[in-house]
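Open the model in your viewer and keep the selection tool ready. We will go stop by stop.

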Protein chains: 2
Amino acid sequence: MDVTTLPTPALVIDAAIVRRNVERMAAYAREHALGVRPHTKTHKSLRLAAMQLAAGAVGLTVAKAGEAEAMAQAGRGDAPADLLVAYPALDPSRANRLARLARRATVRVAVDSAYAAEALAEAAERANGTIGILVDVDVGMGRTGVQSPVAALALAQKVDSLPGLRLDGIMIYPGHVWDPPDAQAPALAAVAVILGATLALWRENGFEARIVSGGSTPTAYQSHLIPGLTEIRPGTYVFNDMNALRGGFCGLNDCAARIVCTVVSEAVPGQVVIDAGSKTLTSDRCIPAPESGHGLIVEYPDARITKLSEEHGQVDVTACSRRPRVGERVTVVPNHICPCVNLHDAAWWLEPGEPPESLVVDARGRTS
Amino acid sequence: MDVTTLPTPALVIDAAIVRRNVERMAAYAREHALGVRPHTKTHKSLRLAAMQLAAGAVGLTVAKAGEAEAMAQAGRGDAPADLLVAYPALDPSRANRLARLARRATVRVAVDSAYAAEALAEAAERANGTIGILVDVDVGMGRTGVQSPVAALALAQKVDSLPGLRLDGIMIYPGHVWDPPDAQAPALAAVAVILGATLALWRENGFEARIVSGGSTPTAYQSHLIPGLTEIRPGTYVFNDMNALRGGFCGLNDCAARIVCTVVSEAVPGQVVIDAGSKTLTSDRCIPAPESGHGLIVEYPDARITKLSEEHGQVDVTACSRRPRVGERVTVVPNHICPCVNLHDAAWWLEPGEPPESLVVDARGRTS
């Protein structure tokens with residue numbers, strides 16, 4: 001079997017590009033004395049997590065308890081796993097699972113409420129373990145996170161007062177900054193002001209933030225512009241996608257994950273249909289270019305994937321000088337690779353000159 | 001374990017509503033002498049397919065070869081499975097798998113190109129089997145389907161000339177008709193004109209359409225307005241969703257599938273965050289009400305799920321007189337239940353007075 005005979009739609013991963021992406025981020029982080037704690041939501045793969053750890057990652061980031069349980073197996077020799085749950089895991093099921101996991105791994109959880117701190121403390125006490133806590137501070141994303149330095153101090157005091165918890169630091173997520181790299185400085189300066197004020201207030205009150213965790217793929221290479229960060233949590237950088245490409249954060253040659261599709265219909269004039277719909281690509285729009293369609297067809301850059309149903313991708317080919325024909329295979333770079341990977345039980349790992357190798361998506365579907 | 005302690009996000013299915021939805025469609029079809037061939041893409045479950053067959057379904061509809069292989073096991077006693085692949089399964093992998101399946105089950109495939117007919121004929125000959133063919137005629141959806149009665153006749157002649165194939169009839173999909181039931185008649189009259197002309201041309205040329213397959217959930221109960229249909233292929237009706245509800249095709253009490261969520265953050269003013277994002281609900285907008293958000297929170301109908309990231313659902317609660325609090329559980333009716341079910345390895349089947357029972361999503365992720 002080679003890539004031309006894989007059943008489609010097939011998620012294929014270019015191993016050489018992945019290695020280059022991982023190494024580039026590791027080199028940047030070394031240069032600026034930052035830790036890399038990759039968000040494993042992008043690949044959900046123990047093998048890729050191990051590759052990131054081998055390249056120097058200080059630990060792994062996950063979103064949910066189920067992902068933490070899966071990724072705890074991606075150890076580095078005898079060292080226990082070091083996991084950050086970048087999510088307020090406050091319900092009894094998640095809190096209990098993480099507390100149990102904390103007996104054999106370093107588990108930290110980011111929280112933005114006293115409720116979450118108390119729930120995790122109770123679970124940790126029941127399990128006779130210790131959970132590290134990062135206080136989630138909103139730096140402009142408006143999703144989660146306490147809303148002021150004063151609120152961050154109050155939550156630090158709360159965490160510090162609770163048994164079973166260890167106050168480890170602060171988490172920020174500048175996920176609202178979608179400027180291209182050369183325009184990010186002003187937005188990141190605003191982030192730095194909030195973070196700086198919070199760190200100062202903590203210091204004045206005797207609290208140390210040993211970990212200050214930030215970063216996202218778009219802002220990753222500008223992380224040195226935010227004083228005080230100790231580590232970054234990029235996820236998408238390992239594969240990249242159309243969000244990263246059209247945002248100006250990577251080139252097409254840095255996009256490691258693609259979907260090989262078959263053209264299954266050309267009956268409607270000016271249109272072809274590929275066998276990848278929302279069950280393969282997700283319905284996610286491209287954030288920096290919402291009207292650009294549902295991904296790039298590499299071989300036909302003038303084509304536009306205009307509409308997805310679950311198993312059909314309708315492609316407008318009227319702008320193409322040469323058009324794909326029924327039965328032909330084409331390659332799509334998805335808009336948003338993370339939820340796309342989550343739709344696939346396995347990807348195909350492509351080493352130059354070798355047959356495709358199945359790469360299990362170990363943590364697929366771990367939403368709880 | 002009861003529904004109040006299930007780990008969230010949890011896909012729960014109300015058994016009594018499912019039974020009522022299945023029975024209502026079966027009764028309508030009996031009244032109008034139509035067969036029901038449910039599209040199993042909605043539930044992807046052998047157990048629910050068996051329930052539909054027990055209620056009188058003439059067979060099952062699937063989209064992909066992998067789904068056909070899974071659903072072939074949902075037999076009715078000793079009768080072989082009767083499957084329609086409502087998809088141009090023309091690539092070598094799919095064609096060969098379906099041809100092999102056709103040796104032990106009735107397999108029909110809808111095609112809209114001579115290419116597809118030839119590919120399936122070659123595969124059927126190699127497997128020493130016979131594949132039934134429906135000619136896919138576009139009645140206005142503009143996705144797949146031949147574009148005229150003349151093209152439908154030409155494709156019928158092609159199919160009829162090929163060994164390994166059996167010309168069984170015509171497939172239409174009025175998936176573009178989203179009018180509420182009381183306004184559908186004019187749109188369906190236009191559909192009927194195209195279908196009628198095609199059937200007449202086939203008859204004039206000696207071709208019989210023993211099967212004329214139509215329908216969708218929105219138009220299902222108006223199928224008697226399209227003369228010539230022999231069967232309908234509703235899928236969503238088994239569970240319903242916000243598309244069906246806001247389209248006027250069902251009531252809230254007919255929505256059988258819901259997501260139980262936990263509120264994990266209330267840090268941002270006027271907003272709460274639920275633990276269901278695009279990895280749980282999909283990013284699909286509501287077709288009849290694109291600005292209505294990402295599903296209905298049943299307990300807080302004035303709340304609006306404004307933004308999804310993979311694991312976060314941001315909910316605007318400024319219009320709520322009473323607001324959900326962190327740690328609280330809420331119930332969401334998703335916009336589009338079919339791809340939502342595809343994100344879950346299993347749902348919870350809720351019989352009145354009994355503990356939740358795991359319902360495996362047997363054909364989840366079968367995109368090839």
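**Stop 1: a helix in chain A.** Select H6(A) and colour A:Ala152, A:Leu155, A:Ala156, A:Lys158 and A:Val159: these residues are buried. Buried means that 20 or more other C-beta atoms lie within 10 Å of a residue's own; exposed means 12 or fewer, partly exposed is in between, and C-beta atoms are placed from the backbone. Now look down the axis of H6(A): the buried residues fall within an arc of 160 degrees, so they line one face of the helix. The arc is that of the directions from the helix axis to the C-beta atoms. An α-helix has 3.6 residues a turn, so residues three or four places apart point the same way.

Before going on, note that this is a predicted model: local features need pLDDT of at least 70, side-chain atom pairs count only at pLDDT 80 or more, and totals for chains, interfaces and linings use all residues. Residues are numbered from 1 along each chain as its sequence is written, while chains are lettered from A and ligands numbered from 1 in the order in which they are written.

Turn to the face of H6(A) that points away from the buried side. The exposed residues A:Val150 and A:Ser161 are there.

**Stop 2: what covers the helix.** Show helix H5 (114-127), E6, E7 and helix H7 (185-204) of chain A; they are among the elements covering the buried residues of H6(A). Helices (H or I, at least four residues) and strands (E, at least two) are DSSP runs, numbered from the N terminus.

**Stop 3: the sheet of chain A.** Select its eight strands. This open sheet has the order E2-E9-E8-E7-E6-E5-E4-E3, with parallel pairing. Strands E2 (35-36) and E3 (60-62) of chain A stand at the edges with a single partner strand each, so one side of each has no neighbour in the sheet. Strands pair if DSSP finds at least two bridges between them. Zoom in on E7 (residues 165-171) and E8 (residues 211-214) of chain A: three bridges join these parallel strands. Where is A:Gly169? A:Gly169 stands opposite A:Ile211 in E8(A).

**Stop 4: chain B.** Select the open sheet of eight strands in chain B, ordered E2-E9-E8-E7-E6-E5-E4-E3. E2(B) pairs with E9 (residues 231-232) of chain B over two bridges, in the parallel sense. Pick B:Gly35: the bridge partner in E9(B) is B:Glu231.

How values were computed:
Contact = placed C-beta atoms within 7 Å.
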